[in-house]
Each structure stands twice: as structure tokens, then as C-alpha cells.
Amino acid sequence: TDEELDLRILAAKATLGDRAVILGHFYQRDEVVQYADFIGDSYQLARAATEKTRAEAIIFCGVHFMAETADMLSRPEQAVILPNLAAGCSMADMADIDSVTDCWEDLAELFGTEPDDDGRVPVIPVTYMNSSAALKGFCGRNGGIVCTSSNAAAVLEWAFQRGQRVLFFPDQHLGRNTAKAMGVSVEQMPLWNPRKPLGGNEEATLQDSRVILWHGFCSVHKRFSVDQIDKARADFPGVRVIVHPECPMEVVDAADESGSTDYIRKAIEAAAPGTTFAVGTEINMVNRLASEHPEHTIFCLDPVICPCSTMYRIHPGYLAWVLEALVAGTVLNRITVAESVASPSRVALERMLAVQP
Ligand code: 13P
Ligand code: SF4
């Protein structure tokens, strides 16, 4: 039963004490979040793994790419544990190292690799945190950087100072929305098509580009629509519409504001009591904000329940299982990134951490 699981998790946590720390992403369900020692967005969780803990085990209640990042940023003797190894991210899976390398080689053929008179190289690769360690390593090796949704503009600024254009992967929406807000025109952000040879990708458009976008997207955030925003405004005059930048451009443009999960949380915390919010992000987070803020009216833009199905794979039963194994001296579901990948990945991650102190 739930009560039995609760007792087992609390008992294991109490036995382990400071030896284990539980990190939880905002999208985790309440039944898991209640046990987290630290809750945050993907940027804050990456920092937490670096700075906030000396624990020998970091139990990461989130998805695979976050656990990989925590492993690369934590100390070597710390074990990062993903309670359910099937908790991946469909967006991260949309960019693989071979396809990105093929694209990179095509771009090198087109633009060359020599810097211009201002010292800017033809292309800087930027990967969203929601990507495999292999792609972070690719960025580290090729003068690039990692971003999250909370620092994407600052990271793109960093990249534009060093490059004539950016290759942004995997999330086309975060790339497009962020660059558009910085004044880059949509025409200068072509979508790379890995199935077409270089000529098919319209070389003239690529020559004029500022941001070349990968074709990835988040299956949760792509569900939000302008129709839903119109309906929320019709039903609740004065509603504040706030969405995550993984939503499509029309949705971000139609919303009142957009930002990372932590941005959304802070905006709601800072609002005058009695504000109505229609929120375009994952349902577990929206429901939690609604119950934490009874002074506001908060609802999800999408009337159909839309959890992130992979985040949802972290169930308290898995948490109990890995914690009890730790008590018994066994590390289960450890996520380790080979040093040959982790070392260049850290270069790209540390560039990001230096951009946003
Ligand atoms: P943030 O926590 O950076 O807002 O990212 C949202 C997300 O999709 C995580 O998978
Ligand atoms: Fe991936 Fe979207 Fe789930 Fe985030 S919400 S983990 S981007 S599928």
C-alpha cells in the first residue's frame, strides 16, 4: 500500500542520513517530490549535484540526461542513481551523435572552419541540456556550450560573440523562441533536415542563417495551442497566460510571458493574490503550484491531462527499492558516463555554468 511504501522510504532515508540525497525535478509527481531534499529546474539540479551535496549517493528523481549531467558534475566517488532506468526523454532521443556529426561535417564543407576578421568561427554548436552526454561532449570538443531553458538567451549571446551562427539542438522551439526574442528573424533560423543532402538544405538560406535548428521537440509542450490560449482568455478575462519556451512559437507569441519551470514558479509566487494563471507546462507541476497557491486560480492550458510520461516513470516503489538496496550496501541503477565523454562534456557544461553565475 501507499502507507507501507511511505514507511519504507522514510525508514531507509533515516538510516542513510547524510549518505544519500534525493534530487527531484519540478515535473515529478507529488508522491515522489515529497521525499526530495532539493527540488528544482534542470539548471538548479545540475548546480545542486555540483555544490549542494557531499552525499555518497545522489538519487536523481528526473530523467536520464539529468542523471548523466549530475554524474559528470559530481565527484567521482559519488554514485548517481536513476530509480527507473526507463525514465528517458523523447526530445533528447531526437538528436543522436551520428546525425549531428554528419550535419556538422556538411556545415564545415559549406562554411569552412576558418574564423572571420572578427575572430568568429562559422558555427558554434549549442546543445540544450535535454540531450545525451555524447552531444554535450560534442559541444565541448567543438567550441560549443550547453544551455537550459533558464539561461538560453545568455548562452546564445555567448555563442554569437564567438560564432557567425549557431547550430542548436535538439529542441527547435527553445532555439527559435529564444533567438526570436533576441531579435533574430525567423527567416534566419532554417530547420536542418538530416534526410536531405546539403544542396537540399538550401545553401543560400544556410549562408544567411544565424541559428540552424535541429528538428527535435517536446511531446508534452507541443500539445499547447493558440486555441487553448484564446479559450482561456474568453473564459477568464484578465487571465495571465504563462508558458514554457519548449512550446511552439505561435503559442509563446500569443502567451503573456514564457520562461523555464523555475521562472513560472517565481512569477506565480510574486503575483498579487487573486491572480488567475493559465500555465502551459507539465501537469504535475501545474497542479502542485495550484495547491501551493490557494490565493490564486491556477490551471493548465491543456484540458486533457498531459504528464511527461517518462518523468512519471519514477514511482515511489522504485525509490523505495533503490534506497533499501543502498541500506543493504548495494548501488542499483547507477548512471555513469565514460570519462572519454564526460571530460569534453564538462568543458561545455562549465562554459554554461560560467555564463550564468
Ligand atoms: P526546465 O526545468 O529547465 O524548465 O526544463 C523543463 C524540461 O523539459 C525538463 O525536461
Ligand atoms: Fe523530455 Fe519534454 Fe519530458 Fe522534459 S517534459 S523530459 S523535454 S519529454
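In which loop is Cys218 found? Cys218 lies in the loop between β8 (211-213) and α10 (226-235). This is a predicted model, in which local features need pLDDT of at least 70, side-chain atom pairs count only at pLDDT 80 or more, and totals for chains, interfaces and linings use all residues. Residues are numbered from 1 along each chain as its sequence is written, and chains are lettered from A and ligands numbered from 1 in the order in which they are written.

View 1. Cys218 counts as buried, with 24 C-beta neighbours inside 10 Å (buried: 20 or more other C-beta atoms within 10 Å of the residue's own, C-beta atoms being placed from the backbone). Leaving aside residues up to four places away in sequence, Cys218 touches Met91, Asp171 and Glu246 (contact: C-beta atoms, placed from the backbone, within 7 Å).

View 2. Cys89 is buried, with 23 other C-beta atoms within 10 Å. Its contacts, not counting residues up to four places away in sequence, are Val63, His64, Phe65, Asn130 and Thr310.

**View 3. The annotated cysteines.** An unreviewed UniProt entry places the feature "binding site" at Cys89, Cys218 and Cys308; such annotations may be inferred rather than shown by experiment. These residues span 220 residues in sequence, yet no two of their C-alpha atoms are more than 9.2 Å apart, so they gather at one spot.

Methods: Buried ≥ 20, exposed ≤ 12 C-beta atoms within 10 Å, placed from the backbone. Contact = placed C-beta atoms within 7 Å. Helix = DSSP H or I, 4+ residues; strand = E, 2+ residues; numbered from the N terminus.
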